[in-house]
Amino acid sequence: MAQIITDSNGVKRYLITIFVNGDSHTLLVKGNAILTNVLRDDLNLTGTKKGCELGDCGSCTVLLDGKPVDSCMVLAVEADGREITTIEGVAANGRLDEIQQSMLNHAAVQCGYCTPGMVLSAKALLTRNPHPSEREVREAIAGNLCRCTGYVHIVEAVLAASRGEITPADHEEGEPQ
Amino acid sequence: MNNNYKVIGRSVQRIDGPDKVTGSAKYTGDLKFPNMLFGKILTSPLAHARILSIDTSEAEKLPGVKAVITHKDVPSIKYGLSPARWDENIFCSDKVRFVGDKVAAVCCVDEETCYKALKLIKVAYEELPAVLDYLHAMDEGQPLVHDDYKRNINTEIHQEFGNVEQALAASHHVRTDTFVGQRTYQSPIEPHSSISIWDGKKLTIYASTQSPHYFQHYIARQFDLAMGDVRIIKPHVGGGFGGKMEPTGLEFAGSALAKLTGRPVRMFYDRAEMFAHNRGRHAQHMEITTGVDKLGKILAVKANFIMDGGAYTSLGIASAYYAGALLPLTYEFANYKFDMFRVYTNLPACGAQRGHGAPQPKYAFESHLDNVAADLGIDPMDIRLLNARRPDTVTPNDFQVNSCKIRECLERARVISGWDEKKKNLPHGRGIGVATGSFVTGAGYSIYRTDLPHAAAVIKVNEDGTNATLYTGAADIGQGSDTILCQMAAEAMGYRYEQMKIVAADTELTPMDFGAYASRQTYMSGAAVKQAGEEVRKQLLEMASTMLSLPVDDLDCTEGIIFSKSRANKTLTFQEAARRHFVLRGPLLGRGAYTPPKLGGSFKGAAVGTSPAYSFGVQVGEVAIDEETGEISVEGIWDVHDCGKVINPRLLHGQVHGALYMGMGEASWEEVLFDDKGKIKNADLANYRMLTALDMPPVQSEVVDSHEPTGPWGVKEIGEGSTNPTLGMFSNAIFDAMGVRVNSLPLSYEKVWRALQKKRKEEAEGRRLSCGTGSAN
């Protein structure tokens, strides 16, 4: 249980330690602080997006102990002692993850606001199921709303990544049927 | 067709792609400034009420609250997007006109304090009867939303071209149908957000906007500033679809709060507030009458529409005109009458949503045309081919159409969808439908009256020639304009895309551009960029001519290599020549600007719908309906488009997918619902249902070979027009599957089920009647 510190107005704050993208952070948070805001405001990890704060859109998806969650539905105190991967932790040493590269190759990114959550949901899928069917890809990203793409190129990109088909973007002339 | 292009026509990687997949792309809500405050707007809980008093004293006492403002603290001049009807104030002073109308604002040290402070502002209201049903808004005795708009009429249109009554009288068959379109909301995934910062008399606003220029114009007007003292910067924008065209209370209130406190203020809408701000698709009642000859050739069309505008005008005058103006594009007919009332109601204001004004009328007309075809026993594909517009024609409302390959689109869609086979053989409960669409490639006239060019661009080649930067006011809101404009710049310069950089949509750094609306940037911003690129190329070749001692006419440049057309061994790199140019002649710059030619007729409203070019498209959809539940499964959609020369195929098809996706949402189940007090019932993304990855049907998107003679490299639009056929296509596929027509959007499972129940009941009654006669003994 996190240590509680009460200020002069009687407001309680909790001392938590979270492990974000491999780094340990010890923070003092209010009981009502949501993980999204702690990541964005306290740790400046603004790749985690806020779209609805109701758990509907999936823009704030992070991996909590490897599982994709809407970070707006997680209280920061619930994350105490746990491992979190945000979009900033997906590429390693400037090298893109296969899913990220595949999203670029397939033009699966438009406005990009759902993209971090989409990448993390796909990442979690391919970690537990390296060779998903199209249906399984669609199920895995069904909690991530995208208003731009109709999901067509996103699904293609995830499937291509699962098959290891990562080629530079520019090799394609038009739409594969 | 010239296939020697090196940069355009290729699916290059998005220029903003790496930033977006790694989370480093910054949107307005991601930005922080030292000493920044957070602001929120207090909105009305009532649809229509007189404001008796506002008491902010308790809120002001709350620790952490830095300012509370009401109408007394801000400029009182009215604003709006359409200059003909400025009817909105930063804050309401006398009365509120919808649930969500702006009353006051606070700024505080953090978000949590903002929400607490809003609750402490005491507003006393006298509730007034509200106008919630747009079909009765014009009735005698209805309350007035705005006192100076009698019968709540916001916009009234009566246009007639040719002689409709005469043509109808001469028709072989005349049919009238009525359809209803629902309110939908753009629902970009990024909520609106703005940050206002004053530096002396200069105001800088970071905004989630589709048009920095219009923001700059309207903010300057409201705060009585010179345009040059307002700087609008568009960071990455998480989608707009028409919903981020105009400044909102966020920019206005935020700027007032920032001025008062002397600190940067970040304002934001939460999801429910986005729904209340709205500016989405109007609800619309559409009666259409068509007269045809024996073969199905359209002789006359009469459209009689009423639109629910909500409490303010926004861009709604244009929406109202567009609803009728774009109807005569895909089919040729000479006689056309369009009557429209856009009415005020005490509901959120409607505006421009993808396909602006056109998708619902297109749904109505395409459904109606299939009814006509069924009356005459004509195949829906055939009646469209018979009436399809030809290139180099003029619509009855004076729109000049140059390139037009709708016939080729229909024929291709017929083949790839397996239309003829399916039309004959699809089993009971399955159906196939077709619809067409067309859209402007940019508006012929700007939103406010001005003689400014519609787009401008500057290209600056770096001193050492290793890179070039494109400066454009065009707004990439996700559609990819930054990428394709860099492709166009590189093509025009004879350079490489990989060496392009871009600075876009910052009114201080970039030349003006009207921004992302009316599907205009590839064509209009592209025309300015092409001109700028060609100016760079010309100067570069002149420099190279001196360096190589060859006539300039003998030189050309492609992919960064300057070469002699006559001597194979004479080459020079772009880089060398550009560097030399800088040393001898100073900065290597190219400039471009685009102004459309004078377009359209001279009747009232003739400007709306004019465009230098029109896209055309066809969609075919196949559905399977579960007759027990009404559940509709979309088995496939085929889209074929005439969108001119394609600059980036993958981005182009992405636009088609997205437009179709939005159209399918509107066709299937998206609808903003209100309770009997005018409050939105589903202002969240769980209850306002957008299609998920599991709901999106399989799509095949193709283009026909096309070249628009007026466009840079022959381009036309794609982004908005692809929404136009979708609703009608879905409606017609359902009609084909079950033989009954659902006359209102969305075409939900429930409505389909009810229509099937009704049909069965009628059939059963019919059988009973015939049995009764036969068995009388």
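Trainee: Which radius of gyration does chain B have, beside that of a compact globule with 777 residues?
Mentor: In this predicted model, the comparison starts from the chain length, since a compact globule with 777 residues would have a radius of gyration near 28 Å. The value for chain B agrees with that expectation, because chain B has a radius of gyration of 28 Å.

Trainee: What does the C-alpha trace of chain B span along its principal axes, and how many of its residues count as buried?
Mentor: Taken along the principal axes, the C-alpha trace of chain B spans about 110 × 75 × 50 Å. A residue is called buried here if 20 or more other C-beta atoms lie within 10 Å of its own. Of the 777 residues of chain B, the share that counts as buried is 60%.

Trainee: How many helices and strands are there in chain B, and what part of its contacts joins residues 24 or more positions apart?
Mentor: Chain B holds 18 helices and 28 strands. Among the contacts in chain B with a separation of 6 or more, those between residues 24 or more positions apart account for 80%.

Trainee: What is the distance between the C-alpha centres of domain 1 and domain 2 of chain B, and how many residues does their contact take?
Mentor: Chain B is divided into domain 1 (17–24 + 454–594), domain 2 (31–128 + 189–239 + 244–277) and domain 3 (283–445 + 601–754). The C-alpha centres of domain 1 and domain 2 of chain B lie 39 Å apart. The side of domain 1 of chain B that touches domain 2 has seven nonpolar, four polar and three charged residues, and the contact as a whole takes 14 residues from domain 1 and 15 residues from domain 2 of chain B.

Trainee: Which strand gives the largest share of the side of domain 1 of chain A that touches domain 2 of chain A?
Mentor: Chain A is divided into domain 1 (3–89) and domain 2 (98–171), with 25 Å between their C-alpha centres. In their contact, 16 residues of domain 1 of chain A meet twelve residues of domain 2 of chain A. At least two residues of the domain 1 side come from each of β4 (61–64) and β5 (67–70) of chain A, and the largest share, three residues, comes from β4(A).

Trainee: How many residues of each class has the side of chain A that touches chain B?
Mentor: The contact between the chains takes 48 residues from chain A and 53 residues from chain B. On the chain A side, α2 (98–105), α3 (115–128), α4 (134–140) and α5 (152–162) each supply at least two residues. By class, that side of chain A has 23 nonpolar, 14 polar and eleven charged residues.

Trainee: Where in chain B is the pLDDT below 50?
Mentor: The model scores ipTM 0.96 and pTM 0.96, while chain B has a mean pLDDT of 96, with 99% of its residues at 70 or more. One stretch of chain B has zero contacts in the model beyond near neighbours in sequence, and the pLDDT is below 50 over this stretch, residues 773–777.

Methods. Residues numbered from 1 in each chain as written. Chains lettered and ligands numbered in written order. Predicted model: local features only at pLDDT ≥ 70, side-chain atom pairs only at ≥ 80, totals over all residues. Domains from an automatic or database assignment. Contact = placed C-beta atoms within 7 Å. Nonpolar A, V, L, I, M, F, W, Y, C, P; charged D, E, K, R; others polar. Helix = DSSP H or I, 4+ residues; strand = E, 2+ residues; numbered from the N terminus. Rg over C-alpha atoms; globule rule 2.2 N^0.38 Å. Buried ≥ 20, exposed ≤ 12 C-beta atoms within 10 Å, placed from the backbone. pLDDT = per-residue confidence, 0-100.
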